[in-house]
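Subject: Structure handover

Hello,

Here is the structure for your files. My notes on its cavities, pocket and cores follow below it.

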Amino acid sequence: MANEEKKGKKAHSDSTPAVSILEWGITQGIESCFDRADKMKPCPIGHVGACCKMCHMGPCRLVGKNADEMQGICGATLSTIAARNITRFAAAGTAAHGDHGRDMAFTLLAVANGEAKDFQIKDVRKLYKVAGDLDIEFEGRPVNDVARDVATKLIEDFSRQKGEINFLKRAPKKTQERWKKWGIVPRGVDRENTESLDRTTMGMDADPDSLLLQALRNALANGWGGSMISTEITDILFGTPFPIKAEASLGIFKEDEVNIIVHGHEPSLAEMIVDVVSEPEMIAYAKSKGAKGINLGGMCCTANEVLMRHGIATAGGFTNQEPAIMTGLIDAFTVDVQCIMPAIVDVAKKFHTKVITTSDKVKIPGALHIQFDEHHAKDIARQVVKTAIDNYPNRTKKGSHVTEKFPLIGGFSHEYIEYMQGGRFRGSFRPLNDAIAAGRIRGVVGLAGCDNPRFPSTGVHKYLAKELIKNDVLIVSTGCSSAACGGVGYLTPEMALENAGPGLREVCEAIGIPPILHLGACVDNTRILTIASAMAAEGGLSDEIGGMPAVGIAPEWITEKAVSIGMYFAASGVPCIFGGESPVEASKEVTRILTEVWFERFKGALHFEPDPEKMLALALDYIDKARAALKLKKYESGKFGTERVLMDMAARREIEKGAKPHLGL
Ligand code: NFS
Ligand code: SF4
């Protein structure tokens, strides 16, 4: 392609900083996922037919006008194949989050046994809270003994063959009864994953409903198992988040400092790097190489973890990986696990950037591998940082740099959300429930999931965020959705003043919070389960998670993890709306099960809806219907009851001061 032609080519991201860098990249012949998305037309199978490759009689492609009447060689119908395929998505997603949770549990065990000396248990209160939930005695016992028992009991959640995952009992009774009634109580994470693979192999379960119930059981093992274990242990080890200021966008890199990115999901190494970059010897070493200092930034969910706890800036979500390297300013691009595009190595080759893989589960040809080991965590972190510093003088080729960045407030753990509604001694969910009942807040949406190069990437998140808050819907956001919103300045209290409906604005003003609460990484979607359970226990709305005026939306989802998350929300009683073409559209039966049948049984659902306006309408419709079923005041913008806003002013002062509150655990 001639350079002139390349210049005219548009990168279809909806993020202005990303577009300016990507378009520069096009002129330089540097490819990104956006270019590959243009070249690689999406295979229509899924929404116009089904493909099964579970055995070597196939692959069997059921396509064409009569796909619905076709069968694979074994006799599997289109609905069987569609149900099997999406069940495997749920299993793989659970495996990813489950392995993350397992790694965190083993780290906690190593810390308790004194084998991982660089880590400490930072939140002993939370350890005791979790111990209490697990019926582990904690009073008067040494902290490490309690931690060992907690880690051991949670590790059992992975290997248990019979019985139930521990945290299921945190759910409202009625929610648990629905799981029992439909036989979807998960036993152990690994058992459900194995059973999903077994059931979906050739010659096994052919009944779509039965298969999809297993998908739900498998997904619940993620939501109330793997992911929740990860969130809880991460808080225990690194501290429960509270509101903290940070910055977002590709403009966070500094021309005169060593820039290091931590990308991926498991925060153990990243936490150590956070410590190491402020060590005087490291800073002196950076200066000896001509840099003014060391600048640490995050990407994807590792970014969310260190942002929530340390205010480390985020360079963005999934589609920002390549443009970040194209700035030419990154000296080390350190990755741990999940959502790491192998393509970053190709982009890095055009610059001086060193891609460093750190997990034995993630190796990429062409990357430097420095194996993480929690037993020598800080030494390994120092090795990574030193590699970055040594690479700083190699920065020669100029990339395309932007300077635009936005302030944000993140760090809304469920503990803090409870605290902000009444302080340490009066903390409860009563004010939130009252504000919803009175119509001040119309409902709550969990805005989550990936940013996708097949969309105007990040654009659907931004559209929905703005429209929802205009409609007085409080948003809790996680994962790359938080990065999409943070990267345009949406995660600030000012956003409420300028864009929220009158009721939501009043609530946000009373506490000084943004209308979009950044709850953390994708594993922290489990904080939403905890919040919803607390709202049910508080009374005044639904007495189970199902039936709340609450919806989950993953407008630009990409990964199998997203499907697993959508399904554990659906099984727990939250209708979910996913963007893009449906991967099961060709099967009317599977589509009906995911929506109508699941709604009838669990009050949750999984919709696929490519049109952003229809997504919004569907979400508001679910919220309004839930309000009507709960006999709450009909929502009308600007007209709400006269309940007092009981939110605590002390919380607001603490956000302003940036002081650490004493969370009322
Ligand atoms: Ni979630 Fe986090 Fe982003 Fe999608 Fe990937 S980073 S676990 S999967 S792409 S939101
Ligand atoms: Fe074809 Fe059945 Fe084998 Fe699938 S399992 S590839 S449908 S024969």
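I start with the second largest cavity, which is lined by 17 residues, with Ser-15, Asn-320, Thr-458, Ala-483 and Gly-487 nearest its centre. Its volume is about 150 Å³. Helix α20 (residues 479-486) supplies the largest share of this lining, three residues. By class, the lining of the second largest cavity has seven nonpolar, eight polar and two charged residues.

This is a predicted model, in which local features need pLDDT of at least 70 and side-chain atom pairs count only at pLDDT 80 or more, while totals for chains, interfaces and linings use all residues. Residues are numbered from 1 along each chain as its sequence is written, chains are lettered from A and ligands numbered from 1 in the order in which they are written, and side-chain values use heavy atoms, with hydrogens and water left out.

Terms: on a 1 Å grid over the protein atoms alone, a cavity is a set of points where a 1.4 Å probe fits but cannot get out; a pocket is an open set with protein on both sides within 12 Å along at least five of seven lines; lining residues have an atom within 4 Å of a point. Volume is the space filled by probe spheres set on the points, which are joined across faces, edges and corners. Helices (H or I, at least four residues) and strands (E, at least two) are DSSP runs, numbered from the N terminus. Gly counts as polar and Pro as nonpolar.

The largest cavity holds about 560 Å³ of space. Its lining has 50 residues, and Gly-446, Val-476, Asn-525, Ile-528 and Phe-569 lie nearest its centre. They divide into 39 nonpolar, ten polar and one charged.

The largest pocket contains about 1400 Å³ of space. Of its 38 lining residues, Pro-42, Cys-43, Phe-89, Arg-454 and Trp-557 are the closest to its centre. Five lining residues come from α4, the largest share. The pocket lies between domain 1 (68-238) and domain 3 (423-657), because both give residues to its lining; the bounds come from an automatic or database domain assignment.

Last, the largest nonpolar core has 168 residues, of which Val-150, Ile-553, Met-567 and Trp-598 touch the most other members. Such a core is a set of buried Ala, Val, Leu, Ile, Met, Phe, Trp, Tyr and Cys residues joined through side-chain atoms within 4.5 Å, buried being under 20% relative accessible area (1.4 Å probe, protein chains only). Helix α9 (residues 208-238) gives the most to this core, 15 residues.

Regards

How values were computed: Buried means under 20% relative accessible area, exposed over 50%, partly exposed in between (1.4 Å probe, protein chains only).
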